[in-house]
Amino acid sequence: MTHHSKTVLITGASSGIGEATALRLAADGHRVFLGARRTERLEKLAGRIAAEGGTADFRRLDVTDAADVRAFVTAATELWGRVDVMVNNAGVMPLSPLAALKVDEWDRMIDVNVRGVLYGIAAVLPVMGRQGGGHVVNVASVGAHEVVPTSAVYSATKFAVRALSEGLRQESAGDVRVSVVSPGVTESELADSISDARAREDMRAYRSVAVPASAIADAIAFAVSRPPEVDVNEIVVRPAASAQ
């Protein structure tokens, strides 16, 4: 339990890393505001956090809609008066070879993985500027460090998340801390969106060794818990038994 409770906003909070992060940060004593499209899951998660003595609220969120992201941040600000941490976690990963020409899936990855992060940054920067600081945590991937067959577009979006994060860090001059957390293979629903049969089968084998989502939540909690003068810029978390 922390003695410095923060208001933390989490996108993609209905499952996987987002859900685990909400549980961990709420257990640490922070107020968590949950966003995702599946509100029934958010309601259940917020209820669980409350039952365990934590503080949570939620709002339906589509990160591909800039106005909706602004409304999400406004709702949290009106509820708790400030936004200390924004965890841009929402992401999709429909892997496929470029030659499969799944352009709609490329667009979806760009919309969620890149625009979603940009919209999150755009929504919180004015709030953090007015209150004198804050912390943006962007969830990327080991795909932000490497490209493998079928991952070209997905990796491109995650490379973009790293670039956006570094640019924000340099421009913020310490007023807004910026952390990138890059998970390796993690237990989640992320691979469920893969429609290409070969990529889906390859990913099933690739994911035979995975870390629990709570391991990524622990990394995020570590970054969030550092004192104001410490900025943890990047954390990569992989299964110990994985070469990737």
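Visitor: In what order do the elements of the protein run from the N terminus on?
Guide: They run β-α-β-α-β-α-β-α-β-α-β-α-α-β. Helices (H or I, at least four residues) and strands (E, at least two) are DSSP runs, numbered from the N terminus. This is a predicted model, where local features need pLDDT of at least 70, side-chain atom pairs count only at pLDDT 80 or more, and totals for chains, interfaces and linings use all residues. Residues are numbered from 1 along each chain as its sequence is written, and side-chain values use heavy atoms, with hydrogens and water left out.

Visitor: How many helices and strands is that?
Guide: The protein has 7 helices and 7 strands.

Visitor: What is the strand order in the sheet?
Guide: The open sheet of 7 strands has the order β3-β2-β1-β4-β5-β6-β7, and the pairing is parallel. Two strands pair if DSSP finds at least two bridges between them.

Visitor: Which are the edge strands?
Guide: β3 (55–60) and β7 (234–237), each of which pairs on one side only.

Visitor: And how many bridges join β5 to β6?
Guide: Strand β5 (residues 134–139) and strand β6 (residues 176–183) run parallel and are joined by 6 bridges. In this pair, V139 stands opposite V181 of β6.

Visitor: Which strands does helix α5 touch?
Guide: Helix α5 (residues 152–172) packs on the sheet and touches β5, β6 and β7. Contact means heavy atoms within 4.5 Å.

Visitor: Different topic. What share of the residues is buried?
Guide: Of the 244 residues in the protein, 48% are buried, meaning under 20% relative accessible area (1.4 Å probe, protein chains only).

Key:
Buried < 20%, exposed > 50% of the residue type's maximum accessible area, 1.4 Å probe, protein only. Axes fitted to C-alpha atoms, helices over the stretch in contact; angles between N-to-C directions.
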